[in-house]
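Subject: The two-chain model, with notes

Hi,

Here is the structure I promised to pass on to you. Please open it next to this message, and my notes on what turned up follow below.

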Amino acid sequence: MTTKFLDVRDLEVSFATDQGIARVLDKVNFSIGPGEIVGLVGESGCGKTTLARTILGVLPENSARISNGVINFDGEDLLQKSSEELSANIRGRVITFIPQDPFTSFNPVFTIGTQIMELMRWKSPRRDDPQYVNSLGKILNIYPRARYKADYQQVLEQLREVQLPEPEAVLAKYPHEVSGGQRQRLMIAMALLPDPKLIIADEPTTALDVTIQAQILKLLRQLARDRNVAILFTTHDLGTTYEICDRVTVMYAGQEMEAALVDGFFNRPSHPYTKRLLESLPNQEHGIEGIPGDIPSLINAPPGCRFHQRCDYATGECSVSRAASTEIGTDHMVRCYHPVSRPKTQTEAAS
Amino acid sequence: MSAQELDDTIEAATDRPILEIQGLKKYFAIRNVWKRRIGWLKAVDGVSISVQRGEIIGVVGESGCGKSTLGKALMGIHQPTGGKIVFEGNDITHLKPNQSRELRSQLQYSYQDPGASLDPRWKIRRSLHEPLIIHADLVHEERDQRVHDILKAVGLPEGHLDLYPHEISGGQQRRVGLARILTLQPSLIILDEPTSGLDVSVQATIINLFLDLHRTFKLTYLFISHDLSVVRMICNRIAVMYLGKIVEIGDTKNIFKNPRHPYTQSLLAAVPEIGGRKITDDFWLEGEPPNPGNLPSGCRFRTRCEKAQPQCAEIDPPLRRDWPGQEVACPLAE
């Protein structure tokens, strides 16, 4: 990991609930290099969506509190920026978002074209280009005609790039008239239109069928390569992680457990949790085993490593403090006092 | 349970299939604003499967392929438009509600999230007693005994009987839902997407539970799922559906090793396989399934098939039995 383009350090986010304070992110470290696709993997409730939302700056204001940490993005701390600055220059411009559910993300009463052009009005890469700004239009808050035309051309081009047939016809349709796969393609197109440096994709293929998922993953990977965009890909599906990501970070109950390159992650899982997670995947060679016990409540969560109650290797120190992040291989970090040393995995056993 | 043990269970069973589906059809009318019928949506269109006692048969396909409609038609939730369903030697295609009550204890349907079908205002005890009160002629003590046995079988502590559904976790709710189905000692259970939406670690325990129960109670499962890796792990045979028709049916091993229908091939190729080749490199299937209300002529898959020939538009190919333990609805399959 030579350059860190997005670098999250010691991030702590808590939510106020009726039962008490839930610390949803507990000193999380996480990073992405330029143009890298990083998978953020974990079971439901592990804090992956909260981390994604914190980076975007869209946590619910009245219940969430960021008590510690920095989010370095391209040399600046996002947490120090005002919300106006974030929404004007960062969110939707250099960091964009692909939602999980393409079905509810469009407004059903406007055509797709109207909604995409509304996005372009505020987030187009030409927005601050002096060529398209006219002072009267700015005062009257009008979308300059010349910029509209240029933006419209860009939209059509982008829709062709995400392989939507007949882009003009699609723009005239209402969201219910296109299929789920096409809606997700539109979401990808919209995420790419402002020419971002980072896309946060929150489980973008969970709602899709496998064949459509395969098409979308293929498209996403190819576009990220062509445009050199970094992607933060949150998912609970280890299969899609293997398909698309360069690096993986595993989270459990608000703590990051292991971060590694995809190859190292699947072949040499070192954290006991990662190991158990990989063993619970359906497979042919041996029986599967779940992880006994339940995820601890995040309200008054146990101190130390939050996995220790379910861990086979846990000792006294695990319940007192968390291990520091240790490098156990090239670009392979693990936070555990008792990393599992080179277990034999499914793939090794097969080959 | 290993494949060998499974085979033994099946062999021990009788030869007569427990469930025989013959040319089952379920059409839904498409109506315009004036309620006049303007077409048919052929959700299930001539499906034939015979299920042997003790086997786990998987029905796979993408959303909209009719797999859930098939399960519901078997249960009588949807009245079939045509075809025949024979269960334990009796024709159950058009039963009246009072006739079907007796059947219900033998043939059970488990919804996608059996936990969600628990009454939130009832304690688990009451939910588990209810099916026995309706279907079985037992005194209270006998019912209590049965409930305790089942609870133990699905791996829940007895203390849970006095809890409400919201007090237990999602995985445990699913166990209660299953226990509720099992109290009546059914012989065939239709499981509709039983593992979707679960985290892998919970999914693993639920799958193990299914396999344990299958062995303990000598059950037969019709396992409806879109998750091919789960199906591959637990089913003896699978039927692949596409737009209301079975395109390929056969032993799980054969189909996964040697898929012959182009749709099966692409469906299997779309499943990410950790440590295997990456689908992002060589996935070929394009487009999405056509509108089931307006099907293409001939073979339904031809609009997306890379092998499609002009004759594919003319005849709707029947299942070919040219291979042992595998039937394929494609004249070009080899």
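This is a predicted model: local features need pLDDT of at least 70, side-chain atom pairs count only at pLDDT 80 or more; totals for chains, interfaces and linings use all residues.

**Chain A overall**

Chain A holds 12 helices and 12 strands. Its radius of gyration is 22 Å, close to the 20 Å that the globule rule gives for 351 residues, so chain A is as compact as a globular protein of that length. Along the principal axes, its C-alpha atoms fill a box of roughly 70 × 45 × 40 Å. Of the 351 residues in chain A, 44% are buried.

Is A:Thr17 buried or exposed? A:Thr17 has 11 other C-beta atoms within 10 Å, and a residue with 12 or fewer counts as exposed, so A:Thr17 is exposed. Setting aside neighbours within four places in sequence, A:Thr17 is in contact with A:Ala22 and A:Ile299. The pair A:Thr17 and A:Ile299 is 282 residues apart in sequence, yet their C-alpha atoms are 8.6 Å apart in space.

Strand β1(A) runs antiparallel to strand β4 (residues 64-73) of chain A, and eight bridges join them. One of the residue pairs to look at is A:Val8 with its bridge partner in β4(A), A:Ile71. On from there, β4(A) pairs with strand β5 (residues 76-77) of chain A, again in the antiparallel sense, over two bridges. Here A:Phe73 stands opposite A:Glu76 in β5(A). β4(A) and β5(A) form a hairpin with two residues between them, and A:Asp74 in the turn has a positive phi of about 55 degrees.

**Domains within each chain**

The domain assignment of chain A gives domain 1 (6-94 + 199-350) and domain 2 (112-193). Their C-alpha centres lie 32 Å apart. The contact between them takes 13 residues from domain 1 of chain A and 10 residues from domain 2 of chain A. Which helix gives the most to the side of domain 1 of chain A that touches domain 2 of chain A? That is α8(A), with seven residues. The residues on this side of domain 1 of chain A divide into nine nonpolar, two polar and two charged.

Chain B is divided into domain 1 (3-106 + 188-328) and domain 2 (119-185), with 30 Å between the centres of the two, taken over C-alpha atoms. In chain B, 10 residues of domain 1 are in contact with 10 residues of domain 2. Helix α7 (residues 200-216) of chain B gives the most to the domain 1 side, with six residues. That side divides into six nonpolar, three polar and one charged.

**Where the chains meet**

Finally, the contact between the chains takes 37 residues from chain A and 30 residues from chain B. On the chain A side, α8 (210-227), α9 (238-244), α11 (272-279) and α12 (346-350) each supply at least two residues. Helix α8(A) turns up again here, giving the most to this side with nine residues. The residues of the chain A side divide into 14 nonpolar, 15 polar and eight charged.

Terms used. Residues are numbered from 1 along each chain as its sequence is written. Chains are lettered from A and ligands numbered from 1 in the order in which they are written. A residue is buried if 20 or more other C-beta atoms lie within 10 Å of its own, exposed if 12 or fewer, and partly exposed in between; C-beta atoms are placed from the backbone. Two residues are in contact if their C-beta atoms, placed from the backbone, lie within 7 Å. Helices (H or I, at least four residues) and strands (E, at least two) are DSSP runs, numbered from the N terminus. Ala, Val, Leu, Ile, Met, Phe, Trp, Tyr, Cys and Pro count as nonpolar, Asp, Glu, Lys and Arg as charged, and the others, Gly among them, as polar. The radius of gyration is taken over C-alpha atoms; the globule rule is 2.2 Å times the number of residues to the power 0.38. Domain bounds come from an automatic or database domain assignment. Two strands pair if DSSP finds at least two bridges between them.
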